[in-house]
Amino acid sequence: MKLQLTSIGGFAGPAAPQIYRLPADATPAVLQQVSRLLAEADFFNLPTSILKAAPRSSDFLLELRVEEGARQHVVKCHADAVSPAMRELLELMQGYAVHA
């Protein structure tokens, strides 16, 4: 399973995207949590865009890309426009910053 979260924007406005990836050596407990959150969010059936009707300039635009076996799906969203399970998954992913 591969997950990548890209975060763009925020209080400082458009800036270099922040990238987060689930590490290949994630623990079984983390993988189980991710699988549970993907299922609860019904991730692979979500629309490709879940945005607020009136976003503010300080809102981050998030893009979550998931590959699981032959399935792939990408969702662009604002964190406060998604379900609690999806929001929890986004927060979990933000703990895995990729450092250049």
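What share of the contacts in the protein with a separation of 6 or more comes from residues 24 or more positions apart? Such residues account for 66% of those contacts, where contact means heavy atoms within 4.5 Å. Before going further, note that this is a predicted model, in which local features need pLDDT of at least 70 and side-chain atom pairs count only at pLDDT 80 or more, while totals for chains, interfaces and linings use all residues. Residues are numbered from 1 along each chain as its sequence is written, and side-chain values use heavy atoms, with hydrogens and water left out.

Begin with the whole protein in cartoon view, where you can find two helices and five strands; helices (H or I, at least four residues) and strands (E, at least two) are DSSP runs, numbered from the N terminus. Read from the N terminus, their order is β-β-α-β-β-β-α.

Next, select the strands, which form an open sheet in the order β2-β1-β4-β5-β3, with mixed pairing; two strands pair if DSSP finds at least two bridges between them. At the edges lie β2 (18-21) and β3, each of which pairs on one side only. Now highlight β4 together with β5 (residues 71-77): these run antiparallel and are joined by seven bridges, and within β5 the residue C77 is the bridge partner of L62.

Then select D59, which is placed in the loop between β3 (49-50) and β4 (60-68). Is D59 buried or exposed? D59 is buried, because its relative accessible area is 16%, and buried means under 20%, exposed over 50% and partly exposed in between (1.4 Å probe, protein chains only). Show the side chain of K52 as well, since the side chains of D59 and K52 make a polar contact at 2.8 Å; the term stands for a pair of N or O atoms within 3.5 Å, and within protein one must be able to donate a hydrogen and the other to accept it, while residues adjacent in sequence count only if both atoms are side-chain atoms. Leaving aside residues up to four places away in sequence, D59 touches I8, G10, K52 and H78.

Finally, select F43 and F44. F43 is buried with a relative accessible area of 0%, and F44, at 18%, also counts as buried.
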